Number of protein chains: 2
Amino acid sequence: MKALLLIAHGSRRQQSNDEVVVLAEKLKKNSAGQYDIIHAGFLELAETLIPDGIKKCVDDGATSIVVLPYFLNSGRHVIEDIPEIVNATKPLYPEADIKIAPHLGASELMMDLLISSANSTR
Amino acid sequence: MKALLLIAHGSRRQQSNDEVVVLAEKLKKNSAGQYDIIHAGFLELAETLIPDGIKKCVDDGATSIVVLPYFLNSGRHVIEDIPEIVNATKPLYPEADIKIAPHLGASELMMDLLISSANSTR
């Protein structure tokens, strides 16, 4: 079973965190069954933290987990913090294949999204 | 002439700011002439700040400017700070039509981008 774990930074503003959880739920409906399990998690400041997010995926039966950083820039969080936490968690679940996806800002589709957002201005 | 002003938060890490400038340049090449002028700007911590970014667009001959918040969440920056700065700058350029686009996280294309990023994991 394939899992996708969407990781945002986490905010002191609960509404921002809720948005990420809602996005993960929406993603579940829109992924056309490409991922059997989808959860949201946070680097810091909010629950669920990354190790618990990975645990949730494994508990749900995931055999492969893609950790997707919901970040626009390739800062320290993307380059160091998330990989460190994921790598420290991996040995707990040797039966699961856990990988980190490129962060959002690196996507080739970003151009289309930017133009589409700009054009949707009223 | 139509201008697009991409606004990121701004970081103390210069490389993050440079990424946004590069993105704006890439956008220029990929917008298929939908925007004659494209600049990057920042809410804080980095140059060019929003009022200067708007000035740059006007100086380049923009008659309409779309300010596009390069933000994933609808936090205070998106809801209050950017509109406040843009609204305070508008009266300086009464001849230009200045509008704010929905922030990136609100885009309908976000689902496709997330799935595509997840699937590009090696």
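Which residues in helix 2 of chain B meet which residues in helix 3 of chain B? B:Ile50, B:Pro51 and B:Ile54 in helix 2 meet B:Ile85, B:Val86 and B:Thr89 in helix 3. Here, helices are DSSP runs of H or I with at least four residues, strands are runs of E with at least two, and both are numbered from the N terminus.

## About the model

This is a predicted model, in which local features need pLDDT of at least 70, side-chain atom pairs count only at pLDDT 80 or more, and totals for chains, interfaces and linings use all residues. Residues are numbered from 1 along each chain as its sequence is written, while chains are lettered from A and ligands numbered from 1 in the order in which they are written.

## Helix 2 against helix 3

Let's stay with chain B. Its helix 2 (residues 50-59) and helix 3 (residues 76-89) pack at an angle of about 50°, and their axes are 9 Å apart. Axes are lines fitted to C-alpha atoms, for helices over the stretch in contact, and angles run from 0 to 180 degrees between N-to-C directions. That angle makes helix 2 of chain B oblique to helix 3 of chain B. For reference, angles under 35 degrees count as roughly parallel, over 145 as roughly antiparallel, 65 to 115 as roughly perpendicular and the rest as oblique.

Now for chain A. Helix 2 (residues 50-59) and helix 3 (residues 76-89) of chain A pack at about 50°, with axes 9 Å apart. In chain A, A:Ile50, A:Pro51 and A:Ile54 of helix 2 meet A:Ile85, A:Val86 and A:Thr89 of helix 3. By class, this contact in chain A has 5 nonpolar, 1 polar and no charged residues. Ala, Val, Leu, Ile, Met, Phe, Trp, Tyr, Cys and Pro count as nonpolar, Asp, Glu, Lys and Arg as charged, and the others, Gly among them, as polar.

## The nonpolar core

The largest nonpolar core holds 72 residues, and A:Leu6, A:Leu68, B:Leu6 and B:Leu68 have the most contacts inside it. Such a core is a set of buried Ala, Val, Leu, Ile, Met, Phe, Trp, Tyr and Cys residues joined through C-beta atoms within 7 Å. A residue is buried if 20 or more other C-beta atoms lie within 10 Å of its own, exposed if 12 or fewer, and partly exposed in between, with C-beta atoms placed from the backbone.

Beyond its neighbours within four places in sequence, A:Leu6 is in contact with residues including A:Val20, A:Leu27 and A:Tyr70. Being in contact means that the C-beta atoms of two residues, placed from the backbone, lie within 7 Å.

## Where the chains touch

Across the two chains, 34 residues of chain A are in contact with 34 residues of chain B. On the chain A side, helix 1 (14-30), strand 3 (64-69) and helix 4 (110-119) each supply at least two residues. Helix 4 of chain A gives the most, with 9 residues.

One residue to look for is A:Pro102, in the loop between strand 4 (97-100) and helix 4 of chain A. Leaving out residues up to four places away in sequence, A:Pro102 touches B:Ser117 and B:Ser120. A:Pro102 counts as partly exposed because it has 18 C-beta neighbours inside 10 Å.

## Loop details

A cis peptide bond joins A:Glu47 and A:Thr48, with omega about 5°. Another joins B:Glu47 and B:Thr48, with omega about 0°.

In chain B, B:Ala32 has a positive phi near 50° although it is not glycine. B:Ala32 lies in the loop between helix 1 (14-30) and strand 2 of chain B, and it is exposed, with 7 other C-beta atoms within 10 Å.
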